[in-house]
Amino acid sequence: MKKISFDYGQTERFVSAPEIEKLFPEAEAALKSLYDGSCKGADFLGWLDLPDRITEAELKEIEQAAKSLRERTQVVVIIGIGGSYLGSKAVIEALSDSFHNYDPAGMKIIFAGQNIGEDYYYELEKYLQDKEFGICVISKSGTTTEPAIAFRILKELLEKKVGRTAACERIVAITDARKGALRTLADREGYKTFVIPDNVGGRFSVLTPVGLLPVALAGFDIRSLVRGAAEMSQECLENSKNAAIRYAAARTALHRKGYTVELLANFHPKLHYITEWWKQLYGESEGKEHKGIFPAGVDFTTDLHSMGQYIQQGPRFMMETVISVAKPDHTVPIPADADDLDKLNFLAGRRVDEVNKMAELGTRIAHVDGGVPNMKITLPELSEASIGQLFYFFELACGISGCMSDINPFDQPGVEDYKNNMFALLEKPGYEEATQAIKSKF
Ligand code: PA5
């Protein structure tokens, strides 16, 4: 299997290699605390051995459920928010054709429940009206407002279209084994269900059915995705100076020197949602107790024409991690032009990717010169196997970084605050006191 790699060579002017290496023992101790379960939040370490623990029978069951839903439908709506959709969305976007989000069999995957946009739901209902569609509803708690509203709307639409019995055969629910409204409903209606293990938090759940079923529905190879993750897991177990240790140590060293924002910068338009997944993973895991690196994302070269100026010359508090894909899938040469008005004939016959790679190198040099330390992750190609490696690498480095900051990387108490205010404002039964209090404030 071709391997992904990590390099912090371009941080030297900001934090020296010996300064980073000095943190290796701390990072290794953090990793050990994950492996032996002595870290904070140890109840949520189920993701650590997921790639090795998943069985042939589980993979087959997921593939079978995907096949059965694909046979009955043209479109499947994945309903979920946060960790319940970003991982699968990232894989599907990375591997799909840019202009046809469907596989050769004509299957289309779309997402809902990740917002509360009324127009979004109006347009979605209109779009689905004349389609044979199915639903894959994902919620670990089974009570999250955004996916619950989306599921109400789409379940009603589906039942009206095909009747309650046929609708049941087109709905798959992924949720807790025992508790939550979605579990109760799924059991009552007899939906096909998959379980999110108790000890795996939402943002670490991409290698459970949460990520694997939508990816299989989209026609991609979940076995390669899992194999990629297993390969990275094995490498990290065997090598004490593994990529996750080095990344965690380098970003922590920079953070301790005052670099409080990390920009994840991709140079491939299909990686936008990998960045979104990473932002959730690091933001929810590290941002607590008034600590944590702020994770931000940019798509290059697109955002060089919007955010590039700020990155180059704004206040100096950013580190940058570039994700580069070594080899594109296709070859597109730049044509010659008889008039050469744009003076680009010197590029004629050369590949678009050569320009992209020089833009990448030029950007890295410029940003380092401008005071932005630079790290780089290279994917050999965009494939299930390399994305599997990348997922596990980021998850492990996130756990290590969180432990090095002495926080619990696996909870997210802060996300409850907006929900409580929203319910108080919506006058949810049981929130009467909070309703009074919040209304007096605004
Ligand atoms: O990482 C997390 O746990 C959260 O971001 C959840 O994934 C997100 O809030 C969705 O929760 P649920 O799957 O319970 O609907």
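Tutor: Ala, Val, Leu, Ile, Met, Phe, Trp, Tyr, Cys and Pro count as nonpolar, Asp, Glu, Lys and Arg as charged, and the others, Gly among them, as polar. The model is predicted: local features need pLDDT of at least 70, side-chain atom pairs need 80 or more, and totals for chains, interfaces and linings use all residues. Numbering starts from 1 along each chain as its sequence is written, and side-chain values use heavy atoms, without hydrogens and water.

Student: How many residues surround the ligand?

Tutor: A residue is near if one of its heavy atoms lies within 4 Å. The closest are Ser84, Ser139, Lys140, Thr144 and Gln280. The shell has one nonpolar, nine polar and three charged residues. The count of surrounding residues is 13.

Student: Which residue has a polar side-chain atom 2.5 Å from an oxygen atom of the ligand?

Tutor: Polar contacts here are pairs of N or O atoms within 3.5 Å. Glycine 83 uses a backbone N or O atom, 2.9 Å from a ligand oxygen. The side-chain atom at 2.5 Å belongs to threonine 144.

Student: What share of the ligand's accessible area does the protein cover?

Tutor: Areas come from the Shrake-Rupley method with a 1.4 Å probe. On its own, the ligand has 390 Å² of accessible area. The protein covers 88%.

Student: Why does the ligand lie between the domains?

Tutor: The bounds come from an automatic or database domain assignment. The C-alpha centres of the domains lie 29 Å apart. The ligand lies between them because its shell takes residues from both domain 1 (5-41 + 225-412) and domain 2 (50-223).

Student: Over which ring does lysine 89 lie?

Tutor: The test is NZ of Lys or CZ of Arg within 6 Å of the ring centre and within 35 degrees of the ring normal. Lysine 192 sits over phenylalanine 194, 4.9 Å from its centre. For lysine 89, at 4.8 Å from the ring centre, the ring is that of tyrosine 273.

How values were computed
A polar contact is a pair of N or O atoms within 3.5 Å; within protein, one must be able to donate a hydrogen and the other to accept it, and residues adjacent in sequence count only if both atoms are side-chain atoms.
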